[in-house]
Amino acid sequence: MPISGTPMNFAFAGAGPARGNGRSVAIIGAGPSGLAAAGFLSCLGYQVDVYDKLPKPGGLMVFGIPAERIPAERIAQGVATLANRYGVRFHPGTKVCDRRQTDDTGDELSTRCIDLDELVRGHDAVMLCTGSWKPRTLNIPGEDLRGVYTGLAFLFPIRAAQYDKSRMREIDVANKNVVVVGAGFSAIDVAHGALGQGAARVSLVYRRTRREAPCGSHEIEQFEAAGGHWLELVTPIRVLDGEGENLGRVAGIECIQCHLGEPDEDGRRSAVPDSCAKVVLPADIVVTAIGETAAPPFAERLGLESVRKNEIHWLQMTKLDGVFVAGDALTGPSKIGKAVYSGLRAAQSLSRWLTLRAMSRELEYREDAPISREDLR
Amino acid sequence: MSADEKILFIDYSRCIGCESCESACRFVHGQPRINMTRTVGGIMAPVYCRHCESASCVKGCTRGALMKAADGMVLLNPVLCAGCETKNCILACPFGGIFCTGLDDAVAKCDLCQHRRAMGMAPACVEICPCGAMHYVTRQESLALQTAEYEAAHRKVMEHVRPVLSPSPRKERG
(Lines give C-alpha, C1' and ligand atoms only; values in the text may rest on other atoms or scores of the structure.)
Protein backbone atom coordinates (compact mmCIF):
# COMPACT_ATOMS: atom_id res chain seq x y z
CA MET A 1 0.00 0.00 0.00
CA PRO A 2 2.36 2.76 -1.14
CA ILE A 3 1.61 6.35 -0.17
CA SER A 4 0.82 8.81 -2.94
CA GLY A 5 3.76 10.48 -4.64
CA THR A 6 1.93 13.82 -4.62
CA PRO A 7 2.77 15.54 -1.32
CA MET A 8 0.10 16.92 0.95
CA ASN A 9 -0.63 20.54 0.03
CA PHE A 10 -2.93 22.55 2.26
CA ALA A 11 -2.33 25.54 -0.04
CA PHE A 12 -3.81 23.61 -2.96
CA ALA A 13 -6.00 26.53 -4.07
CA GLY A 14 -3.17 28.29 -5.89
CA ALA A 15 -0.08 27.43 -7.91
CA GLY A 16 2.30 28.97 -5.38
CA PRO A 17 2.84 31.80 -2.89
CA ALA A 18 1.38 35.16 -3.89
CA ARG A 19 3.02 38.53 -3.32
CA GLY A 20 2.30 39.65 0.24
CA ASN A 21 -0.87 41.70 0.57
CA GLY A 22 0.19 43.38 3.81
CA ARG A 23 -2.57 41.82 5.90
CA SER A 24 -2.16 39.32 8.68
CA VAL A 25 -4.48 36.66 10.04
CA ALA A 26 -4.23 34.61 13.22
CA ILE A 27 -5.63 31.10 13.13
CA ILE A 28 -6.33 29.34 16.41
CA GLY A 29 -5.99 25.60 16.00
CA ALA A 30 -3.80 23.66 13.56
CA GLY A 31 -6.20 20.83 12.79
CA PRO A 32 -7.74 20.12 9.38
CA SER A 33 -9.89 23.27 9.28
CA GLY A 34 -7.15 25.57 10.57
CA LEU A 35 -4.54 24.20 8.17
CA ALA A 36 -6.91 24.35 5.19
CA ALA A 37 -7.74 27.97 6.06
CA ALA A 38 -4.05 28.78 6.52
CA GLY A 39 -3.29 27.25 3.12
CA PHE A 40 -6.03 29.16 1.35
CA LEU A 41 -5.14 32.51 2.92
CA SER A 42 -1.43 32.12 2.25
CA CYS A 43 -2.23 31.52 -1.43
CA LEU A 44 -3.76 35.01 -1.39
CA GLY A 45 -0.70 36.63 0.15
CA TYR A 46 -1.80 36.90 3.78
CA GLN A 47 0.75 36.63 6.57
CA VAL A 48 -0.67 33.75 8.57
CA ASP A 49 0.11 32.89 12.21
CA VAL A 50 -1.18 29.54 13.44
CA TYR A 51 -1.50 28.92 17.20
CA ASP A 52 -2.02 25.45 18.62
CA LYS A 53 -2.00 24.05 22.13
CA LEU A 54 -0.21 20.86 21.04
CA PRO A 55 3.53 20.47 20.45
CA LYS A 56 2.98 19.78 16.75
CA PRO A 57 0.46 20.96 14.14
CA GLY A 58 -2.09 18.48 12.77
CA GLY A 59 -4.64 18.28 15.57
CA LEU A 60 -6.59 15.05 15.81
CA MET A 61 -5.17 13.96 12.43
CA VAL A 62 -1.87 13.51 14.27
CA PHE A 63 -2.85 13.08 17.93
CA GLY A 64 -6.14 11.23 17.71
CA ILE A 65 -6.15 9.09 14.59
CA PRO A 66 -3.60 6.24 14.62
CA ALA A 67 -0.61 6.49 12.27
CA GLU A 68 -1.76 3.38 10.42
CA ARG A 69 -4.71 5.38 9.16
CA ILE A 70 -3.09 8.78 8.59
CA PRO A 71 0.70 8.82 8.14
CA ALA A 72 1.98 11.55 10.49
CA GLU A 73 4.88 12.34 8.17
CA ARG A 74 2.47 13.26 5.37
CA ILE A 75 0.81 15.87 7.58
CA ALA A 76 4.23 17.06 8.78
CA GLN A 77 5.30 17.47 5.16
CA GLY A 78 2.19 19.54 4.37
CA VAL A 79 2.88 21.72 7.41
CA ALA A 80 6.54 22.13 6.41
CA THR A 81 5.46 23.32 2.95
CA LEU A 82 3.19 25.93 4.53
CA ALA A 83 5.99 27.09 6.82
CA ASN A 84 8.91 27.06 4.39
CA ARG A 85 7.33 27.94 1.07
CA TYR A 86 4.41 30.11 2.17
CA GLY A 87 5.93 31.67 5.26
CA VAL A 88 3.16 30.54 7.61
CA ARG A 89 4.34 31.00 11.22
CA PHE A 90 3.44 28.16 13.55
CA HIS A 91 3.22 28.68 17.32
CA PRO A 92 2.89 25.21 18.88
CA GLY A 93 2.30 24.67 22.58
CA THR A 94 0.32 27.89 22.81
CA LYS A 95 -3.25 27.90 23.97
CA VAL A 96 -5.50 30.85 23.34
CA CYS A 97 -7.14 31.01 26.68
CA ASP A 98 -10.31 31.52 28.39
CA ARG A 99 -8.92 31.02 31.85
CA ARG A 100 -12.12 29.50 33.20
CA GLN A 101 -11.80 26.44 31.02
CA THR A 102 -9.00 23.90 31.18
CA ASP A 103 -10.65 20.50 30.99
CA ASP A 104 -10.02 19.63 27.33
CA THR A 105 -7.80 16.71 26.46
CA GLY A 106 -4.34 17.91 25.46
CA ASP A 107 -4.32 21.09 27.58
CA GLU A 108 -1.52 19.63 29.67
CA LEU A 109 0.90 19.99 26.76
CA SER A 110 0.51 23.70 26.15
CA THR A 111 3.12 25.83 27.79
CA ARG A 112 2.04 29.33 26.87
CA CYS A 113 -1.21 31.17 27.11
CA ILE A 114 -2.31 33.98 24.80
CA ASP A 115 -5.33 36.19 25.22
CA LEU A 116 -7.89 36.42 22.43
CA ASP A 117 -7.98 40.24 22.63
CA GLU A 118 -4.25 40.32 22.10
CA LEU A 119 -4.68 38.36 18.87
CA VAL A 120 -7.56 40.54 17.69
CA ARG A 121 -5.46 43.66 18.27
CA GLY A 122 -2.40 42.22 16.56
CA HIS A 123 -4.04 40.94 13.38
CA ASP A 124 -6.47 42.10 10.72
CA ALA A 125 -8.65 39.08 11.36
CA VAL A 126 -8.77 35.97 13.53
CA MET A 127 -10.14 32.52 12.81
CA LEU A 128 -11.16 30.11 15.54
CA CYS A 129 -10.67 26.45 14.54
CA THR A 130 -10.34 24.81 17.93
CA GLY A 131 -12.14 21.58 17.08
CA SER A 132 -13.87 19.25 19.50
CA TRP A 133 -11.73 18.05 22.37
CA LYS A 134 -14.14 17.67 25.25
CA PRO A 135 -14.91 13.98 25.71
CA ARG A 136 -18.51 12.99 26.26
CA THR A 137 -19.15 10.94 29.35
CA LEU A 138 -21.68 8.26 30.17
CA ASN A 139 -22.88 10.04 33.32
CA ILE A 140 -23.12 6.84 35.33
CA PRO A 141 -21.91 6.15 38.87
CA GLY A 142 -18.27 5.13 39.23
CA GLU A 143 -17.02 6.90 36.11
CA ASP A 144 -14.45 8.74 38.23
CA LEU A 145 -12.77 5.56 39.45
CA ARG A 146 -9.12 4.99 38.64
CA GLY A 147 -8.77 2.89 35.49
CA VAL A 148 -11.66 4.58 33.67
CA TYR A 149 -10.55 6.64 30.66
CA THR A 150 -12.18 8.46 27.79
CA GLY A 151 -11.36 7.43 24.22
CA LEU A 152 -9.24 10.52 23.64
CA ALA A 153 -7.47 10.13 26.98
CA PHE A 154 -6.49 6.66 25.82
CA LEU A 155 -5.51 7.46 22.21
CA PHE A 156 -3.90 10.85 22.80
CA PRO A 157 -0.95 9.70 24.98
CA ILE A 158 -0.01 6.98 22.47
CA ARG A 159 1.05 9.74 20.07
CA ALA A 160 1.77 12.55 22.50
CA ALA A 161 4.23 10.54 24.59
CA GLN A 162 6.68 10.88 21.71
CA TYR A 163 6.84 14.62 22.29
CA ASP A 164 6.89 14.99 26.02
CA LYS A 165 7.78 11.85 27.96
CA SER A 166 7.80 13.63 31.31
CA ARG A 167 4.19 14.72 31.17
CA MET A 168 2.59 12.05 28.99
CA ARG A 169 2.53 8.35 29.66
CA GLU A 170 0.82 5.68 27.62
CA ILE A 171 -1.80 3.79 29.54
CA ASP A 172 -0.44 0.36 30.44
CA VAL A 173 -2.85 -2.32 29.28
CA ALA A 174 -0.49 -5.32 29.09
CA ASN A 175 -2.18 -8.51 30.38
CA LYS A 176 -5.21 -6.52 31.48
CA ASN A 177 -8.88 -6.98 30.84
CA VAL A 178 -10.05 -3.96 28.83
CA VAL A 179 -13.67 -3.00 28.21
CA VAL A 180 -14.32 -0.33 25.57
CA VAL A 181 -17.72 1.34 25.45
CA GLY A 182 -18.88 2.62 22.05
CA ALA A 183 -18.83 1.58 18.41
CA GLY A 184 -17.46 4.54 16.50
CA PHE A 185 -14.08 4.79 14.85
CA SER A 186 -12.38 5.99 18.02
CA ALA A 187 -13.79 3.01 19.94
CA ILE A 188 -12.42 0.70 17.24
CA ASP A 189 -9.06 2.50 17.32
CA VAL A 190 -8.91 2.20 21.12
CA ALA A 191 -9.80 -1.50 20.93
CA HIS A 192 -7.14 -2.22 18.29
CA GLY A 193 -4.64 -0.11 20.25
CA ALA A 194 -5.30 -2.17 23.39
CA LEU A 195 -4.98 -5.44 21.48
CA GLY A 196 -1.73 -4.23 19.93
CA GLN A 197 -0.29 -3.36 23.33
CA GLY A 198 -0.85 -6.81 24.72
CA ALA A 199 -4.13 -6.59 26.62
CA ALA A 200 -5.31 -10.00 27.85
CA ARG A 201 -8.87 -9.47 26.71
CA VAL A 202 -10.51 -6.58 24.85
CA SER A 203 -14.31 -6.29 24.70
CA LEU A 204 -16.33 -3.73 22.79
CA VAL A 205 -19.68 -2.93 24.38
CA TYR A 206 -22.43 -1.31 22.32
CA ARG A 207 -26.07 -0.60 23.14
CA ARG A 208 -27.35 -1.26 19.63
CA THR A 209 -26.33 -4.03 17.22
CA ARG A 210 -23.48 -4.12 14.73
CA ARG A 211 -25.93 -3.14 12.00
CA GLU A 212 -26.37 0.28 13.66
CA ALA A 213 -22.72 0.70 14.67
CA PRO A 214 -21.28 3.99 13.31
CA CYS A 215 -18.01 2.26 12.38
CA GLY A 216 -19.87 -0.37 10.33
CA SER A 217 -20.03 -4.14 10.63
CA HIS A 218 -16.91 -4.61 8.50
CA GLU A 219 -14.72 -2.94 11.14
CA ILE A 220 -16.29 -5.11 13.83
CA GLU A 221 -15.58 -8.27 11.85
CA GLN A 222 -11.95 -7.18 11.56
CA PHE A 223 -11.82 -6.49 15.29
CA GLU A 224 -13.18 -9.97 16.00
CA ALA A 225 -10.72 -11.50 13.56
CA ALA A 226 -7.93 -9.78 15.50
CA GLY A 227 -9.08 -11.55 18.67
CA GLY A 228 -11.47 -8.99 20.18
CA HIS A 229 -14.84 -9.66 21.78
CA TRP A 230 -17.96 -7.87 20.58
CA LEU A 231 -20.93 -7.46 22.91
CA GLU A 232 -24.05 -5.83 21.55
CA LEU A 233 -27.39 -4.72 22.98
CA VAL A 234 -25.88 -3.92 26.37
CA THR A 235 -25.54 -0.51 27.97
CA PRO A 236 -23.42 0.28 31.05
CA ILE A 237 -25.26 1.56 34.12
CA ARG A 238 -22.52 1.50 36.75
CA VAL A 239 -18.76 1.17 36.99
CA LEU A 240 -17.93 -1.17 39.86
CA ASP A 241 -15.44 -0.27 42.57
CA GLY A 242 -12.71 -2.67 43.68
CA GLU A 243 -12.44 -4.12 47.15
CA GLY A 244 -9.68 -4.08 49.80
CA GLU A 245 -6.48 -2.68 48.39
CA ASN A 246 -8.18 -2.09 45.05
CA LEU A 247 -10.68 0.33 46.57
CA GLY A 248 -11.07 3.30 44.24
CA ARG A 249 -9.98 1.27 41.23
CA VAL A 250 -12.32 -0.09 38.63
CA ALA A 251 -13.19 -3.77 39.07
CA GLY A 252 -15.86 -4.20 36.44
CA ILE A 253 -18.78 -2.68 34.71
CA GLU A 254 -22.44 -3.45 35.25
CA CYS A 255 -24.60 -3.43 32.13
CA ILE A 256 -28.22 -4.00 31.33
CA GLN A 257 -29.59 -5.75 28.30
CA CYS A 258 -31.29 -3.63 25.62
CA HIS A 259 -33.55 -4.33 22.72
CA LEU A 260 -34.04 -2.35 19.54
CA GLY A 261 -36.93 0.09 19.52
CA GLU A 262 -38.35 2.52 16.99
CA PRO A 263 -36.00 4.35 14.59
CA ASP A 264 -34.84 7.73 15.96
CA GLU A 265 -34.36 10.98 14.00
CA ASP A 266 -31.24 9.77 12.15
CA GLY A 267 -33.00 6.60 11.05
CA ARG A 268 -31.20 4.16 13.32
CA ARG A 269 -33.22 2.00 15.64
CA SER A 270 -32.81 3.20 19.18
CA ALA A 271 -31.66 1.06 22.09
CA VAL A 272 -34.32 0.51 24.73
CA PRO A 273 -33.00 -0.80 28.06
CA ASP A 274 -34.67 -3.85 29.63
CA SER A 275 -34.46 -3.04 33.29
CA CYS A 276 -34.41 -6.59 34.65
CA ALA A 277 -31.57 -8.28 32.76
CA LYS A 278 -28.20 -7.27 34.23
CA VAL A 279 -24.72 -8.52 33.44
CA VAL A 280 -21.44 -7.76 35.17
CA LEU A 281 -18.30 -7.63 33.04
CA PRO A 282 -15.07 -7.82 35.00
CA ALA A 283 -12.57 -5.17 33.88
CA ASP A 284 -9.18 -3.73 34.85
CA ILE A 285 -9.56 -0.82 32.46
CA VAL A 286 -12.71 0.79 31.07
CA VAL A 287 -12.52 3.18 28.12
CA THR A 288 -15.60 5.22 27.24
CA ALA A 289 -15.12 6.09 23.58
CA ILE A 290 -18.49 7.67 22.92
CA GLY A 291 -17.32 10.77 21.11
CA GLU A 292 -16.36 14.34 21.87
CA THR A 293 -18.16 17.63 21.94
CA ALA A 294 -16.91 21.03 20.88
CA ALA A 295 -16.11 23.34 23.75
CA PRO A 296 -14.75 26.39 21.97
CA PRO A 297 -13.43 29.15 24.21
CA PHE A 298 -15.44 32.40 24.36
CA ALA A 299 -18.52 30.64 22.87
CA GLU A 300 -20.91 33.10 24.48
CA ARG A 301 -18.89 36.19 23.82
CA LEU A 302 -18.57 35.23 20.16
CA GLY A 303 -22.24 34.28 19.89
CA LEU A 304 -21.43 30.93 18.31
CA GLU A 305 -25.03 29.81 18.71
CA SER A 306 -26.20 32.55 16.35
CA VAL A 307 -23.40 31.72 13.89
CA ARG A 308 -24.70 28.15 13.85
CA LYS A 309 -28.19 29.37 13.12
CA ASN A 310 -26.68 31.59 10.43
CA GLU A 311 -28.07 34.80 11.91
CA ILE A 312 -24.92 36.81 11.25
CA HIS A 313 -24.68 38.56 7.91
CA TRP A 314 -21.19 37.37 6.99
CA LEU A 315 -20.65 33.67 6.45
CA GLN A 316 -19.07 32.15 9.55
CA MET A 317 -18.21 35.50 11.16
CA THR A 318 -18.88 35.76 14.89
CA LYS A 319 -20.32 38.60 16.93
CA LEU A 320 -16.83 40.08 17.21
CA ASP A 321 -15.95 41.93 14.01
CA GLY A 322 -13.24 40.11 12.11
CA VAL A 323 -13.33 36.95 14.20
CA PHE A 324 -14.41 33.95 12.15
CA VAL A 325 -15.07 30.37 13.18
CA ALA A 326 -14.78 27.06 11.30
CA GLY A 327 -14.69 23.31 11.64
CA ASP A 328 -15.79 21.24 14.61
CA ALA A 329 -15.71 24.30 16.89
CA LEU A 330 -18.73 25.52 14.96
CA THR A 331 -20.54 22.36 13.91
CA GLY A 332 -19.57 19.84 16.56
CA PRO A 333 -17.65 16.66 15.82
CA SER A 334 -17.66 15.67 12.16
CA LYS A 335 -15.26 14.31 9.58
CA ILE A 336 -11.90 15.70 8.45
CA GLY A 337 -13.34 16.55 5.04
CA LYS A 338 -16.15 18.60 6.55
CA ALA A 339 -13.70 20.50 8.72
CA VAL A 340 -11.54 21.18 5.64
CA TYR A 341 -14.52 22.49 3.69
CA SER A 342 -15.66 24.65 6.59
CA GLY A 343 -12.15 26.08 6.97
CA LEU A 344 -11.89 26.88 3.27
CA ARG A 345 -15.27 28.59 3.15
CA ALA A 346 -14.55 30.62 6.28
CA ALA A 347 -11.18 31.68 4.87
CA GLN A 348 -12.87 32.82 1.67
CA SER A 349 -15.45 34.73 3.66
CA LEU A 350 -12.75 36.31 5.83
CA SER A 351 -10.80 37.46 2.79
CA ARG A 352 -13.89 38.98 1.15
CA TRP A 353 -14.74 40.79 4.35
CA LEU A 354 -11.26 42.32 4.69
CA THR A 355 -11.15 43.28 1.01
CA LEU A 356 -14.56 44.96 0.95
CA ARG A 357 -14.00 46.64 4.30
CA ALA A 358 -10.73 48.15 3.12
CA MET A 359 -12.73 49.86 0.35
CA SER A 360 -15.64 50.69 2.68
CA ARG A 361 -17.85 48.60 0.45
CA GLU A 362 -19.19 46.15 3.01
CA LEU A 363 -22.72 46.83 1.77
CA GLU A 364 -21.86 45.23 -1.54
CA TYR A 365 -21.30 41.93 0.19
CA ARG A 366 -23.09 39.25 -1.74
CA GLU A 367 -24.64 36.89 0.76
CA ASP A 368 -22.91 33.55 0.51
CA ALA A 369 -25.10 30.52 0.59
CA PRO A 370 -24.40 28.97 4.00
CA ILE A 371 -23.00 25.48 4.12
CA SER A 372 -26.20 23.50 4.00
CA ARG A 373 -26.98 20.38 5.92
CA GLU A 374 -26.98 18.60 2.57
CA ASP A 375 -23.38 19.74 1.94
CA LEU A 376 -22.41 18.38 5.32
CA ARG A 377 -24.31 15.16 4.94
CA MET B 1 -0.47 3.65 -26.73
CA SER B 2 -2.36 4.58 -23.62
CA ALA B 3 0.04 3.40 -20.90
CA ASP B 4 1.37 6.97 -20.49
CA GLU B 5 -2.06 8.54 -20.03
CA LYS B 6 -2.51 9.96 -16.56
CA ILE B 7 -5.44 8.90 -14.43
CA LEU B 8 -6.68 9.13 -10.86
CA PHE B 9 -6.10 5.98 -8.84
CA ILE B 10 -7.48 5.64 -5.31
CA ASP B 11 -6.10 2.94 -3.07
CA TYR B 12 -9.26 1.93 -1.21
CA SER B 13 -7.18 -0.08 1.24
CA ARG B 14 -5.53 3.17 2.44
CA CYS B 15 -8.66 5.34 2.31
CA ILE B 16 -10.30 6.07 5.69
CA GLY B 17 -13.38 7.74 4.21
CA CYS B 18 -12.61 11.18 5.65
CA GLU B 19 -14.21 13.02 2.70
CA SER B 20 -11.35 15.49 2.24
CA CYS B 21 -11.26 14.69 -1.50
CA GLU B 22 -14.97 15.39 -1.88
CA SER B 23 -14.60 18.64 0.08
CA ALA B 24 -11.66 19.90 -1.99
CA CYS B 25 -13.55 18.99 -5.17
CA ARG B 26 -16.67 20.79 -3.97
CA PHE B 27 -14.61 23.86 -3.07
CA VAL B 28 -12.85 23.98 -6.43
CA HIS B 29 -15.71 22.95 -8.72
CA GLY B 30 -18.84 23.88 -6.77
CA GLN B 31 -20.42 20.53 -7.48
CA PRO B 32 -18.27 17.60 -6.34
CA ARG B 33 -17.19 15.14 -9.02
CA ILE B 34 -16.03 12.57 -6.53
CA ASN B 35 -18.50 11.35 -3.94
CA MET B 36 -18.30 9.34 -0.79
CA THR B 37 -20.28 6.15 -0.57
CA ARG B 38 -20.82 3.83 2.38
CA THR B 39 -21.32 0.12 1.86
CA VAL B 40 -23.79 -1.86 3.92
CA GLY B 41 -20.84 -3.14 5.94
CA GLY B 42 -19.75 0.43 6.71
CA ILE B 43 -16.75 0.75 4.38
CA MET B 44 -16.48 4.39 3.29
CA ALA B 45 -14.98 5.00 -0.13
CA PRO B 46 -15.10 7.76 -2.73
CA VAL B 47 -16.47 6.76 -6.14
CA TYR B 48 -14.88 8.49 -9.11
CA CYS B 49 -14.28 8.43 -12.87
CA ARG B 50 -11.57 6.00 -13.99
CA HIS B 51 -11.18 7.60 -17.43
CA CYS B 52 -11.56 4.14 -18.97
CA GLU B 53 -9.66 3.33 -22.13
CA SER B 54 -12.87 2.04 -23.65
CA ALA B 55 -15.45 4.15 -21.87
CA SER B 56 -19.04 2.92 -21.66
CA CYS B 57 -20.34 6.40 -20.87
CA VAL B 58 -18.94 7.78 -24.15
CA LYS B 59 -20.69 5.00 -26.05
CA GLY B 60 -23.87 5.41 -24.03
CA CYS B 61 -24.31 9.15 -24.63
CA THR B 62 -26.35 9.55 -27.81
CA ARG B 63 -25.63 13.28 -28.13
CA GLY B 64 -21.89 13.04 -28.10
CA ALA B 65 -21.61 15.14 -24.94
CA LEU B 66 -19.01 12.78 -23.54
CA MET B 67 -15.78 12.42 -25.45
CA LYS B 68 -12.43 10.84 -25.15
CA ALA B 69 -9.78 13.58 -25.29
CA ALA B 70 -6.43 13.17 -27.03
CA ASP B 71 -4.64 12.63 -23.72
CA GLY B 72 -7.00 9.83 -22.74
CA MET B 73 -9.29 11.79 -20.45
CA VAL B 74 -13.03 11.30 -20.66
CA LEU B 75 -14.52 14.80 -20.85
CA LEU B 76 -18.03 16.18 -20.56
CA ASN B 77 -19.14 18.89 -22.96
CA PRO B 78 -22.03 20.45 -21.03
CA VAL B 79 -23.21 22.41 -24.10
CA LEU B 80 -24.21 19.20 -25.83
CA CYS B 81 -25.58 17.50 -22.73
CA ALA B 82 -29.37 17.50 -22.82
CA GLY B 83 -29.68 16.22 -19.28
CA CYS B 84 -31.71 13.31 -20.72
CA GLU B 85 -34.12 11.71 -18.31
CA THR B 86 -32.59 8.29 -18.67
CA LYS B 87 -29.10 9.59 -17.76
CA ASN B 88 -27.54 7.02 -20.05
CA CYS B 89 -24.01 7.94 -18.99
CA ILE B 90 -24.76 7.34 -15.32
CA LEU B 91 -26.37 4.00 -16.13
CA ALA B 92 -23.51 3.00 -18.42
CA CYS B 93 -20.68 3.72 -15.96
CA PRO B 94 -19.79 0.56 -14.04
CA PHE B 95 -17.96 2.59 -11.37
CA GLY B 96 -20.63 5.09 -10.44
CA GLY B 97 -18.25 7.85 -11.56
CA ILE B 98 -20.81 10.24 -13.09
CA PHE B 99 -23.12 12.15 -10.79
CA CYS B 100 -26.57 13.62 -11.11
CA THR B 101 -26.57 17.23 -9.87
CA GLY B 102 -30.24 18.20 -9.99
CA LEU B 103 -29.06 21.56 -11.42
CA ASP B 104 -28.91 23.09 -14.90
CA ASP B 105 -25.77 21.14 -15.68
CA ALA B 106 -27.49 17.83 -15.18
CA VAL B 107 -24.43 15.69 -14.62
CA ALA B 108 -20.97 16.24 -13.16
CA LYS B 109 -17.87 14.25 -13.83
CA CYS B 110 -14.15 14.48 -13.10
CA ASP B 111 -11.86 16.19 -15.63
CA LEU B 112 -8.79 15.62 -13.46
CA CYS B 113 -8.89 19.35 -12.64
CA GLN B 114 -8.12 20.37 -16.20
CA HIS B 115 -7.75 24.08 -15.41
CA ARG B 116 -5.52 23.38 -12.43
CA ARG B 117 -3.24 21.15 -14.46
CA ALA B 118 -3.02 23.85 -17.13
CA MET B 119 -1.59 26.06 -14.36
CA GLY B 120 0.85 23.39 -13.24
CA MET B 121 -1.11 22.08 -10.26
CA ALA B 122 -2.16 18.55 -9.41
CA PRO B 123 -5.83 17.57 -9.06
CA ALA B 124 -7.13 19.15 -5.82
CA CYS B 125 -8.30 15.87 -4.25
CA VAL B 126 -4.86 14.31 -4.62
CA GLU B 127 -3.21 17.23 -2.83
CA ILE B 128 -5.57 17.31 0.14
CA CYS B 129 -5.84 13.55 0.87
CA PRO B 130 -4.32 13.15 4.37
CA CYS B 131 -3.87 9.40 3.95
CA GLY B 132 -1.90 9.51 0.72
CA ALA B 133 -4.49 7.15 -0.76
CA MET B 134 -4.97 9.15 -3.96
CA HIS B 135 -2.50 8.78 -6.79
CA TYR B 136 -2.28 10.90 -9.92
CA VAL B 137 -0.32 8.44 -12.07
CA THR B 138 -0.12 6.88 -15.54
CA ARG B 139 -2.13 3.78 -16.32
CA GLN B 140 1.15 1.88 -16.38
CA GLU B 141 2.14 3.12 -12.89
CA SER B 142 -1.29 2.29 -11.53
CA LEU B 143 -0.73 -1.41 -12.27
CA ALA B 144 2.01 -1.55 -9.65
CA LEU B 145 -0.39 -0.02 -7.08
CA GLN B 146 -2.98 -2.77 -7.47
CA THR B 147 -1.85 -4.81 -4.49
CA ALA B 148 -3.80 -7.70 -3.00
CA GLU B 149 -5.10 -5.38 -0.23
CA TYR B 150 -6.26 -2.92 -2.87
CA GLU B 151 -8.02 -5.63 -4.88
CA ALA B 152 -9.85 -6.93 -1.81
CA ALA B 153 -10.99 -3.45 -0.74
CA HIS B 154 -11.89 -2.46 -4.30
CA ARG B 155 -13.98 -5.59 -4.76
CA LYS B 156 -15.99 -4.86 -1.61
CA VAL B 157 -16.75 -1.31 -2.80
CA MET B 158 -17.63 -2.45 -6.31
CA GLU B 159 -19.97 -5.13 -4.99
CA HIS B 160 -21.80 -2.23 -3.37
CA VAL B 161 -21.73 0.10 -6.40
CA ARG B 162 -22.72 -2.67 -8.83
CA PRO B 163 -24.08 -5.56 -6.79
CA VAL B 164 -24.11 -8.03 -9.71
CA LEU B 165 -20.68 -7.62 -11.21
CA SER B 166 -17.46 -6.29 -9.86
CA PRO B 167 -15.72 -4.72 -12.82
CA SER B 168 -12.19 -3.62 -13.48
CA PRO B 169 -11.34 -0.70 -15.81
CA ARG B 170 -12.07 -1.70 -19.38
CA LYS B 171 -9.24 -2.32 -21.80
CA GLU B 172 -9.29 -1.81 -25.57
CA ARG B 173 -10.15 -5.07 -27.33
CA GLY B 174 -7.79 -6.73 -29.85
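## Chain A fold

Two residues are in contact if their C-beta atoms, placed from the backbone, lie within 7 Å. Among such contacts in chain A between residues at least 6 apart in sequence, 69% join residues at least 24 apart. This is a predicted model: local features need pLDDT of at least 70, side-chain atom pairs count only at pLDDT 80 or more, and totals for chains, interfaces and linings use all residues. Residues are numbered from 1 along each chain as its sequence is written, while chains are lettered from A and ligands numbered from 1 in the order in which they are written.

Chain A holds 11 helices and 17 strands. Helices (H or I, at least four residues) and strands (E, at least two) are DSSP runs, numbered from the N terminus. The radius of gyration of chain A, taken over C-alpha atoms, is 22 Å, close to the 21 Å that the globule rule gives for 377 residues, so chain A is as compact as a globular protein of that length. The rule is 2.2 Å times the number of residues to the power 0.38. The C-alpha trace of chain A spans about 70 × 45 × 45 Å along its principal axes.

## Burial and strand S9

Of the 377 residues of chain A, 47% count as buried. A residue is buried if 20 or more other C-beta atoms lie within 10 Å of its own, exposed if 12 or fewer, and partly exposed in between; C-beta atoms are placed from the backbone. Strand S9 (residues 177-181) of chain A is mostly covered, with 4 of its 5 residues buried.

S9(A) has parallel partners. With strand S10 (residues 201-206) of chain A it forms 5 bridges; pairing takes at least two DSSP bridges. The chain crosses from S9(A) to S10(A) through helix H6 (residues 185-196) of chain A, a right-handed β-α-β crossover. Right-handed means that, with the strands pointing away from the viewer, the path from the first strand over the helix to the second runs clockwise. Strand S15 (residues 285-288) of chain A also runs parallel to S9(A), joined by 4 bridges. A:Val180 stands opposite A:Leu204 in S10(A) and opposite A:Val287 in S15(A).

## Interface with chain B

In chain A, 28 residues are in contact with 34 residues of chain B. Helices H3 (72-86), H7 (217-225) and H11 (336-358) of chain A each supply at least two residues of the side that touches chain B. The largest share, 6 residues, comes from H11(A).

## Confidence

The model scores ipTM 0.91 and pTM 0.90. Chain B has a mean pLDDT of 92, and 94% of its residues reach 70 or more. pLDDT is the predictor's confidence in each residue, from 0 to 100.
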